[in-house]
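Biologist: I'm new to this one. Could you show it to me and take a few questions?

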Amino acid sequence: MNEGFEMAGLLSRMLPKRFRKEGTAIPVVRLHGVIMTGGSQFRPTLNIATVAPALEKAFSKKDAPAVAISINSPGGSPVQSRLIYQRIRALAEEKNKKVLMFVEDVAASGGYMIALAGDEIFVDPTSIVGSIGVVSGGFGFPELLRKIGVERRVYTAGENKVILDPFQPEKEGDVEYLKTLQLEIHKVFIDMVKARRGSRLADDETIFSGLFWTGVRGLELGLVDGMGEMRDTLKRRFGPKTRLELVGGARNIFGRRLPGVVRGSAAGDIGAGAVAGLAETLEEKALWGRYGM
């Protein structure tokens, strides 16, 4: 369906201007998924490598007064979230275009950080937004090793080289250090929200507590600007003949979309990739599950 949509847009642009459809064409970019490095065509993820081609293409549409972005993400890597945010803002300023952000199911944590790149943010009343905080998680296995008779041996140069090692008992000092890092990242996130939302934010101390809300409450708190589905909102803004042109990423010579990053294909890499892929899949499910999805 998306490929047919893009093909129709391509054929339209090949026609002489006098034969083209009337109305304003608004490029649309879909940013859907967990935010993390890696990924493939079978398990797509959001990161700067995977989204940059589509963003560049969308903002290069000279006649478009704005770029519409559909966001649906429970978050993930704060680094990749900021990189995507920064790329959107840089392109918006360079190309002098407005960015209209439309939240579908969820824009939480890193997903909301990306949504901040919008000059305006629209939601459905039942969308989930917020979760302005930082979380780290993991598992500890020291008792398991003891029970199965396995002795872990680690040799390091540097007393903190094995900080937060899951195969060793948790240490209070390690946890305190991790919390220090989290507070620094949280402050960056808070500063971004204040800089982008400014006076639109409500005077409510829970905004930066890590809580998340429906679109209705998000509007009351000033986290978003209005309710609205993309097609109807754009037609009201730019006229009834407004057309939405879905913009995809890079493709290979066979027309198939290219993933942003492809891991090695050697036999050893495949085995290691299977284990890593399982862990990443569980992490993705946990992120979506936090918001009931």
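Predicted model: local features only at pLDDT ≥ 70, side-chain atom pairs only at ≥ 80, totals over all residues.

Biologist: Let's start with helix α2. What span is expected for it at 1.5 Å a residue?

Modeller: Helix α2 runs over residues 48-59, which gives it 12 residues. From its first C-alpha to its last, the helix reaches 15 Å. That is close to the expected span, 16 Å.

Biologist: And at the start of α2, which backbone nitrogen does a side-chain oxygen of Asn47 reach?

Modeller: Look at the start of the helix, where that Asn47 oxygen comes in.

Biologist: Which elements do the buried residues of α2 pack against?

Modeller: The buried residues of α2 include Ile48, Val51, Leu55 and Phe59. Their packing partners are β1 (25-32), β2 (66-73), α3 (78-95) and β3 (98-108).

Biologist: Now Tyr112, is that buried or exposed?

Modeller: Tyr112 belongs to helix α4, residues 110-115. Residues it touches include Ile121, Phe189 and Leu223. Its relative accessible area is 1%, and buried means under 20%, so Tyr112 is buried.

Biologist: What about Gly76: how far is its C-alpha from that of Val134?

Modeller: Gly76 is in the loop between β2 and α3, and it's partly exposed, with a relative accessible area of 30%. Along the sequence, Gly76 and Val134 are 58 residues apart. In space, C-alpha to C-alpha, the distance is 9.7 Å.

Conventions
Residues numbered from 1 in each chain as written. Heavy atoms only, no water. Helix = DSSP H or I, 4+ residues; strand = E, 2+ residues; numbered from the N terminus. Expected span 1.5 Å × (residues − 1). Buried < 20%, exposed > 50% of the residue type's maximum accessible area, 1.4 Å probe, protein only. Contact = heavy atoms within 4.5 Å. Polar contact = N/O pair within 3.5 Å; in protein donor to acceptor, adjacent residues only side chain to side chain. Lists of a residue's contacts leave out its neighbours within four places in sequence.
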